[in-house]
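Hi,

Here is the structure I promised to pass on to you. Have a look at it first, and then read my notes below.

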2 protein chains.
Amino acid sequence: MAETATGDDRPVLTIDLAAIVANWRMLAKLAAPAIAAPAVKADAYGLGMAEVAPALAAAGASEFFVATLEEGTALRRLLPVASIYVLNGLPAGGAAGLLAHRLIPCLKSMVDIEGWTGAQAPAALMMDSGLNRLGLTREEVSELAGAPERLAKLDLALVMSHLACAEEADNPMNRRQLEQFQADVRRLRLSGKRLSISASSGIFLGPDFRLAVVRPGAALYGIAPLNNQPNPMRQVIKLEAKILQVRRVDRGMSVGYGATRRVAAPGFIAIAGMGYGDGLLRSLADRGCAFLGDRRLPVMGRVSMDLITLDLGATAPDGAVPGAMVELIGPSHGVEELAAEAGTNGYEILTALGGRTRRTYLPAGKHP
Amino acid sequence: MAETATGDDRPVLTIDLAAIVANWRMLAKLAAPAIAAPAVKADAYGLGMAEVAPALAAAGASEFFVATLEEGTALRRLLPVASIYVLNGLPAGGAAGLLAHRLIPCLKSMVDIEGWTGAQAPAALMMDSGLNRLGLTREEVSELAGAPERLAKLDLALVMSHLACAEEADNPMNRRQLEQFQADVRRLRLSGKRLSISASSGIFLGPDFRLAVVRPGAALYGIAPLNNQPNPMRQVIKLEAKILQVRRVDRGMSVGYGATRRVAAPGFIAIAGMGYGDGLLRSLADRGCAFLGDRRLPVMGRVSMDLITLDLGATAPDGAVPGAMVELIGPSHGVEELAAEAGTNGYEILTALGGRTRRTYLPAGKHP
């Protein structure tokens with residue numbers, strides 16, 4: 001159980017920077033000779049870019065991916081010399097901002113290419129190979145194939161694409177996307193450039209998918225890279241909430257908003273200090289759980305903004321007293337399990353953890 | 001459409017402080033002579049306590065509700081003289097922190113009462129009347145009824161309870177809770193104290209429910225107080241995202257992660273710069289929508305961390321170009337509509353809006 005500050009009833013999110021660094025090293029070793037460039041967008045998937053990025057840089061990471069100019073600007077303040085790629089590309093009117101902070105846009109369209117031509121600074125080129133999200137369209141690839149001088153003016157540090165179904169190792173779409181990407185690269189005479197198609201999951205699809213650069217995000221933070229396979233990543237976070245009150249309930253009573261949940265038998269409930277205002281998704285109503293030691297405590301009724309109610313059963317377990325911490329995410333109950341209960345994925349569980357939760361960092365240590 | 005800063009592709013959340021103040025005035029007038037004390041917990045339901053609370057104080061609000069000691073401490077820095085109630089009560093070891101910032105705990109249990117006895121500072125008393133969340137249990141009420149000297153030592157500024165089903169005007173549980181609360185108040189000889197049972201919705205259940213103090217939260221921020229009835233509140237927020245790229249798609253192509261969504265007919269899609277990393281719930285996959293003017297643009301496929309994909313139809317509407325802003329929440333598509341699409345309530349829609357969204361405030365004006 002976490003030590004909580006006196007008088008502090010907030011949930012506690014403990015983030016193990018050493019585990020993040022260990023995950024990065026494992027991925028970097030697996031992907032070598034490809035470079036493993038961490039994705040730290042969305043505040044390092046909700047875990048705190050200001051702590052995570054310097055820890056990874058200290059361990060040797062030298063290239064990073066963020067989503068937006070604002071994230072890149074914040075990362076540049078933390079890492080003066082790293083290569084920083086902005087996945088959303090060139091914002092309209094944003095060239096000066098990118099240049100001022102030496103950020104590398106992932107050019108996604110002819111508009112972006114034209115906007116960056118003349119910038120005399122490196123760029124990445126984002127090609128769409130079937131995700132139909134950001135990246136050059138089929139029409140734009142054809143247009144560029146007929147006008148190679150338009151690419152020749154760019155200093156391309158990276159040519160990349162992104163997989164739609166990388167978590168599904170057997171999905172034939174993965175190889176189709178890789179082949180489409182490689183065909184486009186040849187067509188645009190970019191075979192000599194550094195190439196990248198894989199984020200976390202793609203690394204585990206085999207050596208063909210690793211190319212020159214991989215861009216792990218989720219796996220760094222402990223999320224399983226492949227569906228239906230054991231998770232090889234170290235767990236990174238522990239999320240705990242404090243029991244504020246324990247109550248006796250009787251058959252027929254209702255619990256929580258909407259009186260949706262009726263008590264079936266006499267017993268005890270605990271009210272804990274975490275709710276959807278802290279990022280604990282409301283979809284966990286009557287589905288999520290917490291652990292006190294090895295005792296599973298199901299969520300009863302709706303999740304409130306600041307509180308959840310846990311079923312202690314007919315006999316409250318030892319230690320289920322006000323002030324005790326219960327585990328929402330940790331060794332007994334991983335991110336994926338909570339995500340399954342909430343009907344979402346581990347990524348959203350992490351990014352939802354809001355500003356009200358108290359973050360505690362376990363240091364990465366010194367392993368230069 | 002919002003003016004966005006040059007090079008800034010983030011979503012924009014526009015918060016109309018004048019509308020929040022107007023909602024507070026409307027509720028205060030309706031509830032009078034009861035005092036309308038705003039709930040500004042969870043960062044004013046995600047809209048920014050630092051802006052919202054001073055605007056309400058300038059309009060005349062003098063008592064406020066937060067959930068935790070930390071929120072109370074932050075609010076005290078903003079409002080040196082307001083009465084600030086901490087709904088989660090007395091944290092273990094937190095009396096000194098509350099006293100230092102003149103915060104008023106909502107004592108929820110015998111443990112809290114004992115912890116505050118001798119503090120020589122005001123408290124509120126939270127009684128549970130059927131929600132089975134925080135508050136004195138039936139057993140504790142009986143215990144206190146037999147030992148009135150334990151309450152006599154407290155300076156009770158407020159005696160309160162909380163409704164479970166207040167959004168349902170016809171639910172008989174509302175009156176049962178009110179009667180239980182009033183019976184408990186009489187039993188504890190607290191009838192001379194200021195009483196409170198209603199948050200936003202309770203105000204609309206009729207004069208009996210207004211008592212001395214009402215504690216509106218959601219309705220201040222534009223959320224409908226009653227289910228299945230017209231929303232009398234002014235809308236407070238507009239949420240917009242920027243189109244980053246427009247693509248042609250053809251029959252049989254897939255869109256987004258998991259390739260879950262197949263294109264049925266040739267047409268156009270727009271990729272906009274907002275995702276669950278910004279608090280746009282992942283449950284909106286294939287269910288949410290955005291508006292461009294009066295044209296409804298359904299969400300296609302999964303919501304990504306940083307991006308959503310919108311269906312522009314067979315013919316892209318005028319103005320659906322990179323750089324244009326689409327409306328996720330606003331006059332065309334209210335908080336409740338987005339909440340229904342996401343399978344949640346408006347409260348979670350608001351509190352989920354994360355730190356990456358750019359907030360713009362429309363001033364409350366000067367109406368002392």
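What follows is a short tour of what I found.

First, some ground rules. This is a predicted model, where local features need pLDDT of at least 70, side-chain atom pairs count only at pLDDT 80 or more, and totals for chains, interfaces and linings use all residues. Residues are numbered from 1 along each chain as its sequence is written, while chains are lettered from A and ligands numbered from 1 in the order in which they are written.

Let's start with the two chains.

Now chain A by itself. Its C-alpha atoms fill a box of roughly 75 × 40 × 40 Å along the principal axes. The chain has twelve helices and 19 strands (DSSP runs numbered from the N terminus: H or I of at least four residues for helices, E of at least two for strands). Of its 368 residues, 58% are buried (buried is 20 or more other C-beta atoms within 10 Å of the residue's own, exposed is 12 or fewer, and partly exposed is in between).

One sheet to find in chain A is an open one with three parallel strands in the order β2-β10-β9 (strands pair if DSSP finds at least two bridges between them). β2 (35–36) and β9 (198–199) of chain A each have a single partner strand, so one side of each has no neighbour in the sheet. Two bridges link β2(A) to β10 (residues 213–215) of chain A, and A:Ala36 sits opposite A:Val214 in β10(A).

A:Trp24 belongs to helix α1 (residues 17–31) of chain A, and it counts as buried because it has 23 C-beta neighbours inside 10 Å.

Finally, the largest nonpolar core has 263 residues, and B:Leu310 is among the members that touch the most others (such a core joins buried Ala, Val, Leu, Ile, Met, Phe, Trp, Tyr and Cys residues through C-beta atoms within 7 Å).

Cheers
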